[in-house]
Amino acid sequence: MVYYLTDLLVLGCINSIMVVGLNLQYGYTGLLNFAYYTYVAIGAYVAAVTTMGRTAMAGGGTYILGWTLPWYVGLLIGGVVAAILGAVVFGFTVRRLRSDYLAIVTVSAAFIFWNIINTYEPLFNGATGLYHVPNIISTSTTRYGFIMLALSAGILAIFVWGSRRIFRSPFGRLLRSMREDEAVTAAFGRTSWQPQLWIFMIGCFIAGIAGGLFVFYITAWSPYAFLPLESFILLAALIVGGAGNYWGALLGAFVLIEGLAELSRFLPSFGNGADVGAIRAIVIGFVLILMLRYRRGGLIPERWLHWYGPPAKPVLPRARFAAARRAR
Amino acid sequence: MSQFLVAVGFGLATASVVALAAVAVSLQVSVTNFINFAYGDFMTFGAYIAWSATRHGINLVPAIILGGIATGLLGVLANILVFRPFMRQGVRPVTLLIAGVGLSFIVQNALTVIWGAEPVRFNVTLGNSLHVGPFLLTPGDLVMFGTSVTLLVLLHVMLAYTKFGKALRATSNNSDLAKACGIDSERVVSITWFLAGLLTAVAGVGLVLQESTLDPTTGFTELFVIFGAVILGGIGRPYGAMLGALAIGLLTEISGAYLNAAYKTSIAFGVVIVLLLFRPQGLFATKGKIS
Amino acid sequence: MSSEASGDLLNVQDVGYAYGGVWAVRGCSFSVRSGEVTGLIGPNGAGKSTMIEMLSGTLTPREGKIHFDGSDMTGLRPVQVARKGIARTFQTARVLAALPVIENVVLAAQGQIGENPLKALFFRGSWRSQEEELRKEAAGLLDWLGLGHHLLSPAGTLSGGQRRLMEIARALMAHPKLMLLDEPTAGVFPETSQLIASRIREIAAQGVTVLLIAHNMGFLSAVADDVVVMAEGRVLTRGPLEVVREHAGVVSAYLGTAVAGSRETGPTTAQGASE
């Protein structure tokens, strides 16, 4: 029972990290990235091949690198590589395309990436994937669960803190204004693409870290772990939870991804077997459409974050003015 | 050389299937101005209905018709229940896209629940491949090709010569102006969804006959190839979509013949990406409707 | 040709713009003197909004030159125009609906240290005091414009008139040298219109130059030092409002008939018309 709960919570934390990262890209800035899970996968793969060495997989298998760096270095490198790739993709696509075309391009890119990894074995061992990825620390299974829980919860807390910091900063304000109305933002002297690039990279970094955590937890990774569908589920979780609000991101991840997965355990399976996941997806689809229609802000809308404390007592405008004019 | 021609033959066969679906998408986009992500799953739906019908003893052709009608109705339903309320609300295109994604979840997984995730086959034996000139085609390919051409010709006749066709072209060009001229644009939209669904179903069956197995994800994976054709021809331009389908079909098959066949779909997707980045108005851009 | 007559902040020379084949503005020349409130008036279709779009950088003139504060500004994009010290409001008030009013206004302030992502995340000390100062200033401006009770409301909940006031506060926040106001009183109550007029006069008294489009003669007489009359894409005449109103050409441009010498009060409505 304890193990079951721990497992649930670890996965919940890791999924939450992903949705928090996606929130930065889509919730704050309005960048629709249908290939988000690809960056998770990159983080996972890179973390794996930089830490598992050459001899981990008994039956051989081909993959690049094969270093044996400590886990935290591998994790970090995974995040960084994901961020760099994100920057490249951003440079090519996000700058130029409106959101629905961007969606098509990013999904197509995600599929191509998946196809290449699945087919070209020397990269990450193709369809078989990688396994026997080393644990962070050698210990019993239950204790490993606790350690991973502590680690992922801690990292989640850091990223939530970061989200909050960004939200309350001029940078966050700028991102949201670009999301709402780029023309107005430009009319007050701000170029869009640099802040967007930054937040895109940060979001991809977070995805990569989540991927790394994931792979150290389940110690294996293969193309079947990152079907392009997964990005949609993350997006649905974000929208249902409340895009733009990092608490909404958490809620969406836990409720939609975890909660539904666990709930469906208690349903009788009817008909043809593979249904648990299918029913879950149907529910997600319905909830998504209903949410978009009737409560676009999600369960925890962004505007609930707007409490900064009472505004300071206004100063006489004339004095303000003169001071400002002199400063100019 | 003969390998090349054989690939060309495959390309034509693929193109005939893609063309139907691409034209369907183009028609719908031209009157509603957004892209429905659930079309792939409409294709799968139509194919499943037809397959189900054949398992109950109905012949192939009536089964396809049944599948077409069912999918047409599905399209109309989707419009009424999902898309139209959003459009009346005046939402951003992104929201419609995501709604389409939600719909795709529902349809695809409903199919899984009803018919299972295991691949199935059409219980139709169509004989072995024949040599038709320099091409190597199955009778299934030929039938599909013929059906496709027939349907497209019928479509062209409808668009060019019937009253509805004119109403459709008017609505796609400028829906407010069309309304002002007394055209009931909502009815036009509904009928367009029906037609699009119908064509998509036939394409779905054609796809299954080519790929020979059907499972809930069949249509979805084909979706981006279809988008490629639509974009190549210019979004919202049905005639362009036909040419786009031809181009994509030939491109994927020919390159698939010389490179690893597993990368075939990736090539199609790559084309989509390059196009959207550098020439989103398609290859045949003139002054026309661009979404 | 020199761009600087004494005190000219803005100089427009022979500017033209065409939509497709139709010239909305052509051979249009005028200047705006520093520290004054200049009205840009004219009947529908005269090209006033097109002119403002060119001045703000949204449209690039096909012909002619625009000089601002001594340098050539023709063809700069809106971001660059804004950085030169020009702030604008929009014909239909554009607010960031999801953000609180005060955030909308603070956004406009230039040179915010906290907009750098690294500083935002890791070095809060570097921008915290600036942010507080800016919020105080924005609160002050908003209060001055009558929106003091709406600071934390989402901007989407403001009424049309309130949005126009917010836009003025926002434009002021950028500490511009020139403010371009596109119909700042369209669709507002008369009391609000008076408030806006008196506030604009105070702004000008502080040395900010204002160029505004307006149709309401009452508002214009209260606020404008000088008006430039446009018709059919070019400048018809300019001068103080009382003088210009009697000008036969102006009268006929508005009314379509030559009513020479008659004491017309001119149109007092025609709010929110598109050009």
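A nonpolar core is a set of buried Ala, Val, Leu, Ile, Met, Phe, Trp, Tyr and Cys residues joined through C-beta atoms within 7 Å, and a residue is called buried if 20 or more other C-beta atoms lie within 10 Å of its own, exposed if 12 or fewer, and partly exposed in between, with C-beta atoms placed from the backbone. The structure is a predicted model, in which local features need pLDDT of at least 70 and side-chain atom pairs count only at pLDDT 80 or more, while totals for chains, interfaces and linings use all residues. Residues are numbered from 1 along each chain as its sequence is written, and chains are lettered from A and ligands numbered from 1 in the order in which they are written.

## The nonpolar cores

The largest nonpolar core has 210 residues, and the members that touch the most others are Val18(B), Ala19(B), Ala21(B), Ala22(B), Val23(B), Ile226(B) and Val272(B). Two residues are in contact if their C-beta atoms, placed from the backbone, lie within 7 Å. By this rule, and leaving aside neighbours within four places in sequence, Val272(B) is in contact with Ile104(A) and Ser108(A) as well as with Phe224(B), Phe227(B), Gly228(B) and Ile231(B). A second, separate core of 89 residues includes Leu10(C), Leu158(C), Leu211(C) and Tyr254(C). In soluble globular proteins, nonpolar side chains tend to be buried together.

## Chains B and C

Helices (H or I, at least four residues) and strands (E, at least two) are DSSP runs, numbered from the N terminus.

Read along the sequence, chain B follows the pattern α-α-α-α-β-β-α-α-α-α-α-α-α. The radius of gyration of chain B, which is taken over C-alpha atoms, is 18 Å, close to the 19 Å that the globule rule (2.2 Å times the number of residues to the power 0.38) gives for 291 residues, so chain B is as compact as a globular protein of that length. For chain C the radius of gyration is 19 Å, close to the 19 Å that the rule gives for 275 residues, so chain C is likewise as compact as a globular protein of its length. Among the contacts with a separation of 6 or more, residues 24 or more positions apart account for 76% in chain B and for 66% in chain C.

Helix H8 of chain B (residues 185-211) has 27 residues and reaches 38 Å from its first C-alpha to its last, close to the 39 Å expected at 1.5 Å a residue, where the expected span is 1.5 Å times one less than the number of residues. H8(B) is mostly covered, since 19 of its 27 residues are buried, and it is followed by Ser212(B), whose phi is positive, near 70°.

## Where the chains meet

Between chains B and A, 35 residues of chain B are in contact with 38 residues of chain A. The largest share of the side of chain B that touches chain A, 15 residues, comes from H4(B). Counting Ala, Val, Leu, Ile, Met, Phe, Trp, Tyr, Cys and Pro as nonpolar, Asp, Glu, Lys and Arg as charged, and the others, Gly among them, as polar, this side of chain B has 26 nonpolar, 9 polar and no charged residues.

Between chains A and C, 35 residues of chain A are in contact with 43 residues of chain C. Here the largest share of the side of chain A, 7 residues, comes from H7(A), and by class this side has 18 nonpolar, 6 polar and 11 charged residues.

## Confidence in the model

The model scores ipTM 0.84 and pTM 0.86. The mean pLDDT (the predictor's confidence in each residue, from 0 to 100) of chain C is 85, and 90% of its residues reach 70 or more. Over residues 258-275 of chain C, however, the pLDDT is below 50, although this stretch has 34 contacts in the model beyond near neighbours in sequence. Where pLDDT is low, the predicted coordinates should not be read in detail.
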